[in-house]
Amino acid sequence: MRIELRSATRRVDGRRLLDAITLAIDPGQALLICGPNGAGKSTLLKALAGLVPLTGGEVLYDGKPASKWGPALRRRIGALFHESLLYDELSVVDNLLFAARLFGLPQPQGRVRAMIDAAGLRLVAREPAGRLSRGMKQRLALARALLHDPDVLLLDEPFAGLDARWAAWLADRLAAERRRGASVVVVAHEWRLAWPLADRAAVLVRGRLERLLDAAAWDVDRFGAEYRQLLMPAGSVEAGAALSHAEVAGAASMGAALPGEGGGP
Amino acid sequence: MSVLRAVAAIIWKDLRLEWRTGEAILTPALLALLLLLVIVFALPPGVARQEGVLTASLWTALFFAGTVGLARTFARERAEGRLWGLLLAPVDRSAVFLAKGLAAFLFLAVVALVTMPAFFGVFGQSLGAPLWRWGVVVGLVLLAYAAAGTLLSAVAAQLRAGEVLYPVLLFPLLVPVILAAVHLTDALLTTGGWEREGVWMHMLILYNILFWGVPYLIFEYVVEV
Amino acid sequence: MTLPMTRPSRAQTLLLSLAAPAVVFALYMALIWAPDERTLGTVQRIFYIHVGSAWNAYLSFLIVFLASVGYLLRRQASLDAVAVSAAEIGILFTTLTLASGSFWARAVWNVWWTWDPRLTTTLIMWFMYVAYLLVRAAAEGEERRGRLAGVFGVIAFATVPLVHFSATWWRGMHPNIIQTQGGTIRMNMDPDMIVTMVVAVVATTLLNAALLSHRVSLEHVSRRVAALRERVRLEVES
């Protein structure tokens, strides 16, 4: 699906979480969004998912404002947030079965079984989600987001907690989803892992779209220098942390621990 | 159709969770029985079999014990962003309220079913009315309680220390239900029917219409963000 | 950076200069000018204060309801400011209604409290709107506070009629001053008493309006201060 933002703005309590953001993503395209903590990345994803209302501007899907789509639009959106959306007390199977039924998928059982196999969760299928390791839980959350073959994928830190093998699996999977025509939005605090996937990269600082550039025309290191330059005046400490390789592993989990806008639903 | 499917899915999920946690049936049922004990201890001897004591004890215990489970209705959905998961379902958002409300009603009904015999036993009363009439009265009361309780639970879940505040927010709104419950129960015990207190039947129905209906207009605002 | 406006506007000054003498005048009429009631004697004069407060309590909660609906639809902070102001004033008038009703009950029925339907409803309303303020106090963030309080304000007001009917069917004993007879409303009162009652109601309503306008500007000032403080905090941090 084609996603379009037209001067999307969200102000809460006098703060601009999103400041007149305009961009478009075509079917099969992937957009990488990076920026420091509190830049509005998660808010942007939630606004795209229709979970937080905009106070100005609009979101369009296939040229039609999201408000005119009605509930049917949500059938075509798959989302992964900082929060897992999972029920710790329910088993892996039950968590996915619930999602499948909520979305009204035909033959939920078979669907769930295939997904569990794909995400390598067969051995823990009957375990409560709360007892999974961090990486497994992330795979389960990803499985939940991908379960209904959505046309729009909104992924907040999809690589967080994944080891090299599963990170490669996810990259392949996302490439396949894109070939199918799904448009993908990836938010990544640690952007280097997601860079190879992206057609374009956007840098968000304090709710503003500071850069929107063609990823193919940029080399990773050149972008890194540019990104560092962008963040320096705003918050030099954070920019340093985001770019330092020593903190790569820590950055993702640190991002996950920070509350999103307002701290929850 | 898809609304019914989503509602059924959420109820199935809540039953499943209840099986694993016991938050909405087991704990409230135990609390209701403990409250029965407290009431019996607090009553002067010889009063237990007097008219009205059963009604007063039963509803005091059920309404208070019920808040323990009801408060969790949305508190549980708030953790881990689960509410977002529900709101992403491709159905109108009032379906989420409907499902959570019906699940809460089911839990309350089970709590009432397992604790009421104890109340009748302790106070030495017989039903005094056909079982189906009891079912109608208790059912309507608990439906009304579940609707108001679910709506307020969604509000309280977004507040600091919301579970503590919850009963204070809920009980003033429940006054009509409490009065109706008490009058109709007394009528069942003494006359075997609700005809004498027909006006309270209307109140219960009206209350149910209001609290199952208003969320269709307002629930979207409760859960946004 | 400009400092928040603290001086009252001309409209507010006008309201206050109308309300103050009106209240004094109404008190004079209620306590001195109006005739003694035949059976109840001088105690009946509580009635004027009671009716004035009760009317304004309901009026305030109606304002809370309307402002809440408006806020939910339009999301203007000023509507939320009106809602919180009216709720506080409504609780004030509700408390006055309960206290004067209690004095009345002591003098006339020889008890401090009766479960008369209107008193009962007023008591439940008092609890409801205290709960409304608790919702506000426990909500974090201006937007969330306004939204949740707005929802609660709407639910509470929608429940008040049901509470009133319940209280009426439960037990009834309130002097029925106004009776409908053959379609026309007839009052069981001396004409002078009616005049006094009307004056008392008008005076307390003016007082309500003056209080409300001042409370609303106070709310605006305090929000402005909070916003400035937040800005200073952000500037210090960066």
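Q: How many helices and strands are there in chain A?
A: Chain A has eight helices and ten strands. Helices (H or I, at least four residues) and strands (E, at least two) are DSSP runs, numbered from the N terminus. This is a predicted model: local features need pLDDT of at least 70, side-chain atom pairs count only at pLDDT 80 or more, and totals for chains, interfaces and linings use all residues. Residues are numbered from 1 along each chain as its sequence is written, while chains are lettered from A and ligands numbered from 1 in the order in which they are written.

Q: What share of chain A counts as buried?
A: 48% of its 265 residues. A residue is buried if 20 or more other C-beta atoms lie within 10 Å of its own, exposed if 12 or fewer, and partly exposed in between; C-beta atoms are placed from the backbone.

Q: Let's pick one strand. Why is strand 8 of chain A largely enclosed?
A: Strand 8 covers residues 183–187, and five of the five are buried, so the rest of the structure largely encloses it.

Q: Which way do its residues point?
A: S183(A), V185(A) and V187(A) point one way from strand 8 of chain A. V184(A) and V186(A) point the other way.

Q: Which strand pairs with strand 8 of chain A over five bridges?
A: Strand 7 of chain A (residues 152–156), in the parallel sense. Two strands pair if DSSP finds at least two bridges between them. Here L155(A) stands opposite V186(A).

Q: And how many bridges join strand 3 of chain A to strand 8?
A: Four, and these strands run parallel too. Strand 3 of chain A spans residues 30–34. A30(A) stands opposite V184(A) in strand 8.

Q: What do strand 7, helix 6 and strand 8 of chain A make?
A: A right-handed β-α-β unit, with helix 6 at residues 164–179. A crossover is right-handed if, with the strands pointing away from the viewer, the path from the first strand over the helix to the second runs clockwise.

Q: New topic. How many residues of chain B are in contact with chain A?
A: 26 residues of chain B, with 27 residues of chain A. Two residues are in contact if their C-beta atoms, placed from the backbone, lie within 7 Å.

Q: Which helix of chain B gives the largest share of that side?
A: Helix 1 of chain B, with ten residues.

Q: How do the residues of that side divide?
A: The side of chain B that touches chain A has 13 nonpolar, four polar and nine charged residues. Ala, Val, Leu, Ile, Met, Phe, Trp, Tyr, Cys and Pro count as nonpolar, Asp, Glu, Lys and Arg as charged, and the others, Gly among them, as polar.

Q: How many residues does the contact of chain B and chain C take?
A: 25 from chain B and 26 from chain C. By class, the side of chain B that touches chain C has 22 nonpolar, two polar and one charged residues.

Q: Now chain C. What pattern does it follow along the sequence?
A: Chain C reads α-α-α-α-α-β-β-α. That comes to six helices and two strands.

Q: Which residues are buried in helix 1 of chain C?
A: L15(C), A19(C), A26(C), M29(C) and A30(C). The buried residues of helix 1 of chain C pack against helix 2 (46–74) and helix 6 (191–237) of chain C.

Q: Last one. Is P130(B) buried or exposed?
A: P130(B) is exposed, with 12 other C-beta atoms within 10 Å. P130(B) is in the loop between helix 5 (94–122) and helix 6 (131–156) of chain B.
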